[in-house]
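Here are my comments on the two-chain model you sent. They are arranged as numbered points, to be read with the structure open.

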Amino acid sequence: MSDLIQASSRDIDGPLLVLKDVTTHFKTPRGLVRAVDGVSFTLDRGKALGIVGESGSGKTILSRSIMGLLPPRGTVRGGSITFEGREIGNLGRKEMRSVWGKEMAMIFQDPMTSLNPVMKIGRQIAEPLQIHLGMTKQNAWATAERLLQDVRIPEAKRRLEQYPHEMSGGMRQRVMIAIALACGPTALFADEPTTALDVTVQAQILDLLGEQRRDRNMSLVLVTHDLGVVAGHTDEIAVMYGGKLVEKATTKGLFANMKMPYTEALLNSIPRLEDRSHTRLSAIAGRPPDLVNPPKGCRFAPRCPYAQPKCQNEEPPLVPTAEDPNHLYACWYPVGSPENTEIKVRIAASKSEFAAAAGGN
Amino acid sequence: MRYALQKIGQFAIVFFIVTFTVMILMRLGLNAPGDPARTLLGGTADQELIDATTEKYRLDSNPFVQYVFWMTNMVQGDMGFSVPNSQPVFDYIQGRILTTLLLGFYAIFWGLVIAVPLAVRQAHKRDSWFDKFGSGAAFAFVSAPAIVLAPILTILLIKENTIGMPPPFGDFQVTIGGWFPRIGDKVYPWQDLGEHFRNFFVPTLVLTLPIAAIFSRLLRGDMVMTLQADFVTLASAKGVSPRRVLWVHALRNSLFSLLTSVGLQIGGIVGGAIVAEQFFDLDGMGSMLVTAILQKDLFTVQSASAILVGSVVIVNLTVDLMYGVLDPRIRHARAIA
């Protein structure tokens, strides 16, 4: 009965997830922290979206806001979140429980702390199956074994009887993925799923996520600080800074034609293999903005090498590029614009002048 | 298994040191230094009887021989003779041991029954009024040991008090208290459950309230930490009900301090039982031990303390083994150690 109601209310053709002006603020003794401040985007079924930003940009809070996993006390939420045609932005934890694990699932950053240390792996995977799909314990454990095989864990049957401490970090992250996939969710949120892992394991986990996403026609939201991670594993990228969306485009479009100086700075901070050894790593100077009292104009202006007086005073709107209506950015002097090029030339000139002066000495 | 044997060995050593020290101390001093039999028999005993007693209990031999002799006899049920009570120590203890065991069991049991749900709810609703009230109450009872609580509860529950108001507020009088007997003939649960309850209620309360307070403070603290762990959020994100998150995922990960404290409190309960039994005239091992020490009833003191030390040691041994049951990581570490 309830299944029918749910099925009929589902909007099968529309986008899976629509965010309109989503805000998440936290009440703290210091004041209101605007962790997520007016974010809008649309995610289609089966697509992978990367949310990129440094620590404190609001990317994790955004993904948890969508899932409704934030502590209710002290959290002020606003805007609208539509999931499968249903408004979920205002639902409480109680109402979200039937969605959690079943339609939306989440993978956490640190596999060392995300599994219950005193519960067998099998039981942890079987739990959502028993809760949401009403499986018997036996069926749930059999399904859990298949899930472990799906995430490429050898000797799945033996592993079910083990505890988390008997597994490596990569293995545990695979178990996390198996738990997340258990009930066949339509949306999977992966919050820095590879940050705590060895570099060699990172690629395996990302490939596994991509492969499961295609097999299951599931949407994936990949939250990370690493543009390199999202480059090969997403269809679209949203860049966040200071709780706001500052650029959003298809992955190809973004790398081909990035507009936002922040995105450019993020890309430049990835070390390159072809660089000479002992090349200084380029970091973004300064700190992320204080979200209690954010800067008046563009939030990136204090750290932006191209910032002009206008940037300090007026907040740039999120606008589409001339070439691609789906490529949005928020910047007064985007990368590639005449003003930006002019400033770049000036910076380069002053640098070489400085170098010449230093060399002449 | 090897771990368990190791622990049993450790606790056997503790048991030996404590009981042996008690034995040696009982042989020293008292009324007639170096002559335990004279002390034991009192001042008027004749030399013949003293010599016979010394001979019978090997009181003049080397302390280790005496110890082995004592323990061997005790295991066989012969704990010597209590002169002031004119009966074998075994019979004397047998009539009283159950009172103290019941009192100790009730104190721990009700302590847990009160503390666990309270602490879980407090941690769940952290910083709410319920939590603040619970913490305040716990703090009050932690600071009120048995010796403070006993007179207060006597006034409130055992004595009858008439409360009245002076005329301007109306002339009424209410009598409260007198609900529980002060001097109860011991009634065991299988004799009359209701009477047993009335009998044991106040002494149990005196022992259990401070313990419940300590338990709830410890468990609340651990639980608050656990509830911030990633795996708890993951459990919610799987769609597990809040109740199950609390009681299945979080509780078992938060029990370590509580478990340790159960072991430690057992020792405290022996002390509390002495107070409660004295105060409420329940004749158990606690009051017996005090009387025996005052009467210089050597064999009773020896055997009663051996039994009390033995129980404390056994409970702590169980606690140590329980860590492994609670946490597979400890089991694992012990298996390879």
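1. Start with a cut-off. A residue is called buried when its relative accessible area is under 20%, exposed when over 50%, and partly exposed in between. A:Arg213 has a relative accessibility of 8%, so A:Arg213 counts as buried. Keep in mind throughout that this is a predicted model.

2. A:Arg213 has a charged partner. Its side chain meets that of A:Asp235 in a salt bridge, with N to O at 3.6 Å. A:Asp235 has a relative accessible area of 29%, which means it is partly exposed.

3. A second salt bridge within chain A deserves a look. A:Glu264 and A:Lys344 meet through their side chains at 2.9 Å, N to O. A:Glu264 belongs to helix 11 (residues 261–268) of chain A and A:Lys344 to helix 13 (residues 338–360), so this pair ties together parts that are 80 residues apart in sequence. A:Glu264 is buried, at 14% relative accessibility. A:Lys344 is partly exposed, at 31%.

4. Next, the annotation of chain A. UniProt, in an unreviewed entry, places the feature "domain: ABC transporter" at residues 17–267 of chain A. In the model, that span is 37% helix and 27% strand. Its end C-alpha atoms are 27 Å apart.

5. Now the interface. How many residues of chain B are in contact with chain A? There are 24, and they meet 30 residues of chain A. The size of an interface is often given as the accessible area lost when the parts come together. Here chain B and chain A bury about 2,300 Å² between them. Carbon and sulfur atoms account for 58% of that area.

6. The polar side of the interface can be counted too. Between chain B and chain A there are 11 residue pairs in polar contact, with both residues at pLDDT 80 or more. Three helices of chain B each supply at least two residues to the side that touches chain A: helix 9 (230–237), helix 10 (242–250) and helix 14 (328–336). Helix 9 gives the most, with 6 residues. By type, the residues on this side of chain B divide into 8 nonpolar, 7 polar and 9 charged.

7. Salt bridges across the interface come next. The structure holds 21 salt bridges over all chains, and 2 of these are between chain B and chain A. Side chains of opposite charge can pair when their charged atoms come close. A:Glu127 forms a salt bridge with B:Arg244, the closest N and O atoms being 2.7 Å apart. A:Glu127 lies in helix 4 (residues 121–132) of chain A and B:Arg244 in helix 10 of chain B, so the pair joins two chains. The side chain of A:Glu127 also meets that of B:Lys238 in a salt bridge, at 3.0 Å from N to O.

8. Is A:Glu127 buried or exposed? A:Glu127 counts as buried, at 2% relative accessibility. B:Arg244 is partly exposed, with a relative accessible area of 29%. Shared partners join A:Glu127, B:Lys238 and B:Arg244 into one network of salt bridges.

9. On chain B as a whole: it contains 14 helices and 4 strands. Its C-alpha trace spans about 80 × 75 × 35 Å along the principal axes. Of its 337 residues, 45% are buried. Among contacts between residues at least 6 apart in sequence, 67% join residues at least 24 apart.

10. UniProt, again in an unreviewed entry, lists "transmembrane region" features in chain B, including residues 97–121 and 255–276. The model makes residues 97–121 100% helix, with end C-alpha atoms 36 Å apart. Residues 255–276 are 95% helix, and their end C-alpha atoms are 28 Å apart.

11. B:Leu112 is in helix 5 (residues 89–124) of chain B. Its relative accessibility is 27%, so B:Leu112 counts as partly exposed. Leaving aside residues up to four places away in sequence, B:Leu112 touches B:Pro117, B:Phe215, B:Leu258 and B:Val262. B:Leu59 is 53 residues from B:Leu112 in sequence and 45 Å away in space, C-alpha to C-alpha.

Methods:
Residues are numbered from 1 along each chain as its sequence is written. Chains are lettered from A and ligands numbered from 1 in the order in which they are written. This is a predicted model: local features need pLDDT of at least 70, side-chain atom pairs count only at pLDDT 80 or more; totals for chains, interfaces and linings use all residues. Side-chain values use heavy atoms; hydrogens and water are left out. Contact means heavy atoms within 4.5 Å. Buried area is the accessible area (1.4 Å probe) that two parts lose on being put together, summed over both. A salt bridge is a side-chain nitrogen of Lys or Arg within 4 Å of a carboxyl oxygen of Asp or Glu. A polar contact is a pair of N or O atoms within 3.5 Å; within protein, one must be able to donate a hydrogen and the other to accept it, and residues adjacent in sequence count only if both atoms are side-chain atoms. Ala, Val, Leu, Ile, Met, Phe, Trp, Tyr, Cys and Pro count as nonpolar, Asp, Glu, Lys and Arg as charged, and the others, Gly among them, as polar. UniProt positions are given in the numbering used here, feature names are shortened, and annotations may be inferred rather than shown by experiment. Buried means under 20% relative accessible area, exposed over 50%, partly exposed in between (1.4 Å probe, protein chains only).
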